Amino acid sequence: MNSRIGRPADAAKREAIIAAASRMFFEVGFAATAIEQVASKAGVSKVTVYNHFGDKRGLFKATVEHECEKMRDYFDLDVSEGKDLSLRLRELGEAMTAFLARPEMTRFELRIAAETEHEPEIGRSFLQAGPYNMRQTFAGWLANEVECGRLEIDDLYLAAEQFVSMCKGFADLERRFGAVMDAQRNQERIDGAVHVFLKTYGRSE
């Protein structure tokens with residue numbers, strides 16, 4: 001009975017730790033983030049952080065996965081089945097573009113890239129927890145569309161990468177190098193990506 005009572009408190013502590021770590025990682029990067037600082041900002045002990053996440057890399061992985069959770073609703077099969085496929089893909093492209101265009105995300109990616117030069121494992125951890133994880137989820141969503149007969153795809157991972165790459169276009173480079181984002185051009189990229197994707201993988205009736 002005591003363990004059941006403790007679970008909500010443990011969950012609240014975990015959420016507080018991830019929220020504090022997210023702010024730290026996004027603001028100062030992996031190397032400059034200390035477990036002691038995260039614990040202080042979360043209002044917990046350093047031991048509590050280690051008990052939940054093991055070490056700083058485990059905390060980093062959990063933080064990246066938490067950020068990716070913000071995109072997962074767009075892959076909810078039950079929610080999306082009633083919508084037109086082109087509309088669902090367009091919504092996904094728009095959500096992804098907005099997600100990546102956040103200034104804190106750009107700063108985070110740049111810091112991680114710089115730190116990876118000195119510690120390659122940081123980059124590998126980021127890829128596994130973030131982009132690779134999201135690619136797997138997107139591929140699973142596409143597999144459902146294939147199963148339902150709406151798409152015809154042999155290589156789900158490749159198709160997922162192609163759609164994401166078309167949506168991002170040059171905007172992915174521009175945001176990293178300080179260019180002003182063009183909302184209209186971003187929308188044109190997304191609309192074009194949906195058109196090409198469905199022309200390539202859509203099932204002809």
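User: In which helix is D191 found?

Analyst: The model is predicted: local features need pLDDT of at least 70, side-chain atom pairs count only at pLDDT 80 or more, and totals for chains, interfaces and linings use all residues. Residues are numbered from 1 along each chain as its sequence is written, and side-chain values use heavy atoms, leaving out hydrogens and water. Helices are DSSP runs of H or I with at least four residues, strands are DSSP runs of E with at least two, and both are numbered from the N terminus. D191 belongs to the run of residues 183–201, which is helix α12.

User: What is the relative accessibility of D191?

Analyst: Buried means under 20% relative accessible area, exposed means over 50%, and partly exposed lies in between (1.4 Å probe, protein chains only). D191 counts as partly exposed because its relative accessibility is 30%.

User: Which side chain does a polar contact of 2.9 Å join to that of D191?

Analyst: A polar contact is a pair of N or O atoms within 3.5 Å; within protein, one must be able to donate a hydrogen and the other to accept it, and residues adjacent in sequence count only if both atoms are side-chain atoms. At 2.9 Å, the partner of the D191 side chain is the side chain of R90.

User: How far apart are the C-alpha atoms of D191 and M166?

Analyst: Along the chain, D191 and M166 are 25 residues apart.

User: Which residues does N186 touch, not counting residues up to four places away in sequence?

Analyst: N186 is also found in helix α12, and it counts as buried because its relative accessibility is 10%. Contact means heavy atoms within 4.5 Å. With residues up to four places away in sequence left out, N186 touches T97, A171 and M181.

User: How many helices does the secondary structure of the chain come to?

Analyst: From the N terminus on, the elements run α-α-α-α-α-α-α-α-α-α-α-α. The chain has zero strands, and its helices come to twelve.

User: Among contacts between residues at least 6 apart in sequence, what percentage join residues at least 24 apart?

Analyst: Buried residues make up 38% of the 205 residues in the chain. Of the contacts between residues at least 6 apart in sequence, the part that joins residues at least 24 apart is 69%.

User: Over residues 34–53, how far apart are the end C-alpha atoms?

Analyst: UniProt, in an unreviewed entry, places the feature "DNA-binding region" at residues 34–53. UniProt positions are given in the numbering used here, feature names are shortened, and annotations may be inferred rather than shown by experiment. In the model this stretch is 80% helix and 0% strand, with its end C-alpha atoms separated by 14 Å.

User: Why is T33 buried, and what is its relative accessible area?

Analyst: T33 is found in the loop between α1 (2–28) and α2 (35–42). Not counting residues up to four places away in sequence, T33 touches M24, F25, V28, V38 and K56. A polar atom of the T33 side chain lies 3.5 Å from the backbone oxygen of M24. T33 counts as buried because its relative accessible area is 3%.

User: How many aromatic pairs does a search of the whole structure find?

Analyst: Rings of Phe, Tyr and Trp (its six-membered ring) pair if their centres lie within 6.5 Å; planes under 30 degrees apart count as stacked, over 60 as edge-to-face and the rest as tilted. Searched in this way, the whole structure has aromatic pairs numbering ten.

User: Why is the pair of F25 and F60 described as it is, and what is that description?

Analyst: F25 lies in helix α1 and F60 in helix α4 (residues 56–72), 35 residues apart, so the pair links distant parts of the chain. Both F25 and F60 are buried. Their ring centres are 5.4 Å apart and their planes stand at 85°, so the pair is edge-to-face.

User: Which residues form one aromatic cluster?

Analyst: F108 and F126 form an edge-to-face pair, with 5.9 Å from centre to centre and 70° between the planes. F108 is in helix α7 (residues 103–118) and F126 in helix α8 (residues 120–129). F108 is buried at a relative accessible area of 3%, and F126 is buried at 15%. One aromatic cluster is formed by F25, F26, F30, F60, F108 and F126.

User: How many disulfides does a search of the whole structure find?

Analyst: A disulfide is a pair of cysteine sulfur atoms within 2.5 Å. C148 is partly exposed, at a relative accessible area of 39%, whereas C167 is buried, at 2%. The number of disulfides found in the whole structure is zero.
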